[in-house]
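Have a look at the model below, and keep it open while you read. We'll start at the surface and work towards the metal site.

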Amino acid sequence: MQQDRLLCAADTALRTLFATPRANQPSPAAGIEEADLSAAEKKLSGAYMRVNHVGEVCAQALYTAQAMVTKDERLREHLLEAAQEEMDHLAWTHQRLQALGERPSLLNPLWFAGAFLIGTVAAKVSDRASLGFVEETENQVSAHLQSHLDRLPPQDAASLAVVAQMKDDEERHAAAAVDAGAIPVPPPAKALMRVAAKVMTTTAHYI
Ligand SMILES: [Fe+2]
Ligand SMILES: [Fe+2]
């Protein structure tokens, strides 16, 4: 059983890092015409989408790690379901990167490994702590997505549509974690998570 779960986690790692992600749901950008962006605007949109793509790489790592550790089958199903929605986000942000002529972060293996480790630690504490960690992560991500909605070039409607849908989904994921019994993350851990996120987003903007 544990071996199956390990294999499932390894499979997710390889697919997240090395395969072209495939979405179940069509991208919110589908059917929106590409805006005529200047080189600088394209670079800026690309940088934001790279940051968001890194976030989704980490989401795969977190949810997979937590699903691997929990002994509660229902919770495991719930986490894997959320991971599937995050896979849509991974695919959509990947598509935006391609459309903008930008590449994913070169440090994705590192981000995945770090997030996987943190997810495993949170899950080892308890299921409810693990869910608390999901809630806080999703809240921080949705705040971050809101800042992108304010800063993306306003004519880049395709990227804006993707970010807006992701923000809705992340808020739903946070609420679902609360419904499933999340206990709030203690303030020092929240502060630490913010610092880690800052390092990741600042680096991913460029690399
Ligand atoms: Fe996501
Ligand atoms: Fe999410």
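Tyr206 is exposed, with a relative accessible area of 59%; here buried means under 20% relative accessible area, exposed over 50% and partly exposed in between, with a 1.4 Å probe and protein chains only. Before going on, some ground rules: this is a predicted model, where local features need pLDDT of at least 70, side-chain atom pairs count only at pLDDT 80 or more, and totals for chains, interfaces and linings use all residues. Residues are numbered from 1 along each chain as its sequence is written, chains are lettered from A and ligands numbered from 1 in the order in which they are written, and side-chain values use heavy atoms, with hydrogens and water left out.

Back to Tyr206, which is found in helix H7 (residues 187-206); helices are DSSP runs of H or I with at least four residues, numbered from the N terminus. Together with Leu106 and Ile207, Tyr206 makes up a nonpolar patch on the surface, with about 350 Å² of accessible area in total. Patch members have over 30% relative accessible area and no salt bridge, and nonpolar side chains (Val, Leu, Ile, Met, Phe, Trp, Tyr) are joined within 5 Å. The areas come from the Shrake-Rupley method with a 1.4 Å probe.

Now for the metals. Which residues hold the iron ion (ligand 1)? Glu56 coordinates it through two OE entries, alongside Glu86 (OE), His89 (ND1) and Glu170 (OE), at 2.0 to 2.4 Å. Donors are N, O and S atoms within 2.8 Å of the metal (3.2 Å for Na, K and Ca), and since water is not among the atoms, sites may look incomplete. Along the chain, the donors of the iron ion (ligand 1) follow the spacing E-x29-E-x2-H-x80-E. Glu86 lies in helix H3 (residues 73-99) and Glu170 in helix H6, so this pair ties together parts that are 84 residues apart in sequence. Both Glu86 and Glu170 are buried, the latter with a relative accessible area of 1%.

The iron ion (ligand 2) sits 3.9 Å from the iron ion (ligand 1), and Glu86 coordinates both. Glu138 in helix H5 (residues 127-151) and Glu170 in helix H6 (residues 157-179) are 32 residues apart, so to speak linking distant parts of the chain. At 3% relative accessibility, Glu138 counts as buried.

On a 1 Å grid over the protein atoms alone, a pocket is an open set of points with protein on both sides within 12 Å along at least five of seven lines, a cavity is a set where a 1.4 Å probe fits but cannot get out, and lining residues have an atom within 4 Å of a point. Of the 50 residues lining the largest pocket, Thr137, Gln140, Met193, Ala196 and Ala197 are the closest to its centre. H7 gives the most to this lining, with 13 residues.A search of the whole structure finds one cavity of 30 Å³ or more, and Arg5, Cys8 and Ala9 are among the residues that line the largest cavity.

Key. Helices (H or I, at least four residues) and strands (E, at least two) are DSSP runs, numbered from the N terminus. Patches are made of residues with over 30% relative accessible area and no salt bridge: like charges are joined within 9 Å, nonpolar side chains (Val, Leu, Ile, Met, Phe, Trp, Tyr) within 5 Å. A salt bridge is a side-chain nitrogen of Lys or Arg within 4 Å of a carboxyl oxygen of Asp or Glu. Grid points are joined across faces, edges and corners, and a volume is the space filled by probe spheres set on the points.
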